[in-house]
Amino acid sequence: MNVLKDIQAQKRSSIWKFCYYTSFVLLAVLIVFSFYGLYSNRFYFLKIDNYIFPLVAILHFVFLYVMNFKIREGEYPDPVMRNIEYGMYAVLLIYVFKGLDTLYILMSIDQYQSYLIPETFMPLGLLILTLQLLLIGFTIFSFYQRKTLIGPYEFEQIDQNMNSWQ
């Protein structure tokens, strides 16, 4: 019976590692693409708007690090992790907004004459949109993995069972 539980635990751990490393790669690639302009086929480093995604991604990196640490050490969730996850809910909304924005840009191809839009518009636009949708999916999946591998946030029960005077 314990062998079966060990196999299931290893399977869950390998699924988490895949989600962990894939999320890191997706974030790194999307940070680079956050500076890319689809309409002009150029990178813009002086626009303030292009730095929003990299700043938001910092919280995502912290969340992934904390999750990996808790899973590796076998620790329970704590209030700091809960607060980071609540921040990740806001980050998820930003990811959805960025995905919808990219979809809107891709849908606007008919509004401009074809000679104004570079040839890389649709292929790179679809690639960026696909990466953004994958990031949204992996973010939601990491919330599920937190609940499965680390456990739910039950701080009232933890406080009742903790008696520092004994």
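These legends describe close-up views of one predicted protein model.

**View 1. The overall fold has five helices and two strands.** Along the sequence, the elements follow the pattern α-β-β-α-α-α-α. The protein has 166 residues, and buried residues make up 36% of them.

**View 2. The largest nonpolar core holds 37 residues.** Leu27, Phe53, Tyr95 and Leu135 touch the most other members. Helix H1 (2-33), helix H2 (52-73), helix H3 (79-107) and helix H4 (121-150) each give two or more residues to this core. H4 gives the most, with nine residues. In soluble globular proteins, nonpolar side chains tend to be buried together.

**View 3. Phe53 and the residues it touches.** Residues up to four places away in sequence are not counted here. The partners of Phe53 are Leu27, Leu30, Ile31, Ser34, Tyr95 and Leu135. Among them, Leu27, Tyr95 and Leu135 join Phe53 in the group that touches the most other core members.

**View 4. Helices H2 and H4 pack with their axes within 11 Å.** The axes cross at roughly 25 degrees. An angle under 35 degrees counts as roughly parallel, and H2 and H4 are therefore roughly parallel to each other. H2 passes H4 in a left-handed crossing. From H2, the contact uses Phe53, His60, Phe63, Met67, Lys70 and Ile71. From H4 come Leu135, Thr139, Ser142, Phe143, Gln145, Arg146, Leu149 and Ile150. The residues of this contact divide into eight nonpolar, four polar and two charged.

**View 5. Helices H3 and H4 pack with their axes 10 Å apart.** The angle between H3 and H4 is about 160 degrees. Angles over 145 degrees count as roughly antiparallel, so H3 is roughly antiparallel to H4. The crossing of H3 and H4 is left-handed. Their contact draws on 19 nonpolar residues, five polar and three charged.

**View 6. Val96 sits in helix H3.** Its relative accessible area is 34%. Buried means under 20% and exposed means over 50%, so Val96 is partly exposed. Val96 and Leu133 are 37 residues apart in sequence. In space, their C-alpha atoms are 8.1 Å apart.

Notes: Residues numbered from 1 in each chain as written. Predicted model: local features only at pLDDT ≥ 70, side-chain atom pairs only at ≥ 80, totals over all residues. Heavy atoms only, no water. Core = buried A, V, L, I, M, F, W, Y, C linked by side-chain atoms within 4.5 Å. Buried < 20%, exposed > 50% of the residue type's maximum accessible area, 1.4 Å probe, protein only. Helix = DSSP H or I, 4+ residues; strand = E, 2+ residues; numbered from the N terminus. Contact = heavy atoms within 4.5 Å. Axes fitted to C-alpha atoms, helices over the stretch in contact; angles between N-to-C directions. Parallel < 35°, antiparallel > 145°, perpendicular 65-115°, else oblique. Left-handed = near helix turned anticlockwise from the far one by under 90°. Nonpolar A, V, L, I, M, F, W, Y, C, P; charged D, E, K, R; others polar.
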